[in-house]
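Let's take a friendly walk through this structure together.

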Amino acid sequence: MANEDKKNFNAMLHDSKDMPKFQTITDQKSIEKYGGSRMYFAPPIDYDKVMKLIPYGKVITVGKIREYFAELNGADFTEPITAGIFVSIAAWASYQRSEDETPYWRTLKANGELNAKYPGGVEAQKEKLEAEGHTIIQKGRKNIKYYVKDYESVLFDLM
């Protein structure tokens with residue numbers, strides 16, 4: 001995202017954009033990739049609510065949140081692009097509030113990867129996670145990415 005200091009992320013968080021909603025996809029490659037044709041769109045506030053459930057010392061991935069929404073709503077999968085955007089909106093909305101914090105740093109990308117789009121980027125998320133006892137590892141030579149070591153052992157299970 002760009003110009004974060006000029007955006008009202010709490011307003012974005014509460015704009016449901018006519019969600020929740022379902023869509024039936026017909027693209028065969030997508031159906032095979034996601035395991036079905038019934039796609040669910042969760043509103044931004046729902047991501048925030050789930051992210052608030054993650055306790056100190058635990059983490060969750062955006063993928064696990066998407067799986068939870070799909071199962072909860074009888075869909076084959078939850079739309080992945082809006083999921084990533086809405087998780088970032090929840091993070092920035094929390095950052096802009098003076099109270100009612102969402103521990104967004106506990107929500108990771110796939111495979112335990114840290115999210116560069118969070119407030120303060122990877123360094124701020126790394127610092128918060130390390131303060132909770134997590135070990136962060138660096139992978140890659142050119143395109144360096146950071147991951148929570150053994151993140152699977154500390155994944156929070158919503159289901």
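Predicted model: local features only at pLDDT ≥ 70, side-chain atom pairs only at ≥ 80, totals over all residues.

Three strands make up an open sheet, arranged in the order β1-β2-β4, and their pairing is mixed. Its edge strands are β1 (21-24) and β4 (77-78), each of which pairs on one side only. If you zoom in on β1, you will find that β1 pairs with strand β2 (residues 38-41) in the antiparallel sense, over four bridges.

Next, move to Q125, which sits in helix α6 (residues 121-131). Is Q125 buried or exposed? Q125 counts as buried because its relative accessibility is 1%, and the cut-off for buried is under 20%. Not counting residues up to four places away in sequence, Q125 touches W105, T107, L108, L114, N115 and Y118.

Our last stop is M159, found in the segment after β7 (145-148). With a relative accessible area of 45%, M159 is partly exposed. Which residues does M159 contact, leaving aside its neighbours within four places in sequence? They are K64, E67, Y68 and E71. Take E67 as one of these: M159 and E67 are 92 residues apart along the chain, while their C-alpha atoms are separated by 9.2 Å.

Note on methods:
Residues numbered from 1 in each chain as written. Heavy atoms only, no water. Helix = DSSP H or I, 4+ residues; strand = E, 2+ residues; numbered from the N terminus. Buried < 20%, exposed > 50% of the residue type's maximum accessible area, 1.4 Å probe, protein only. Contact = heavy atoms within 4.5 Å. Pairing = 2+ DSSP bridges.
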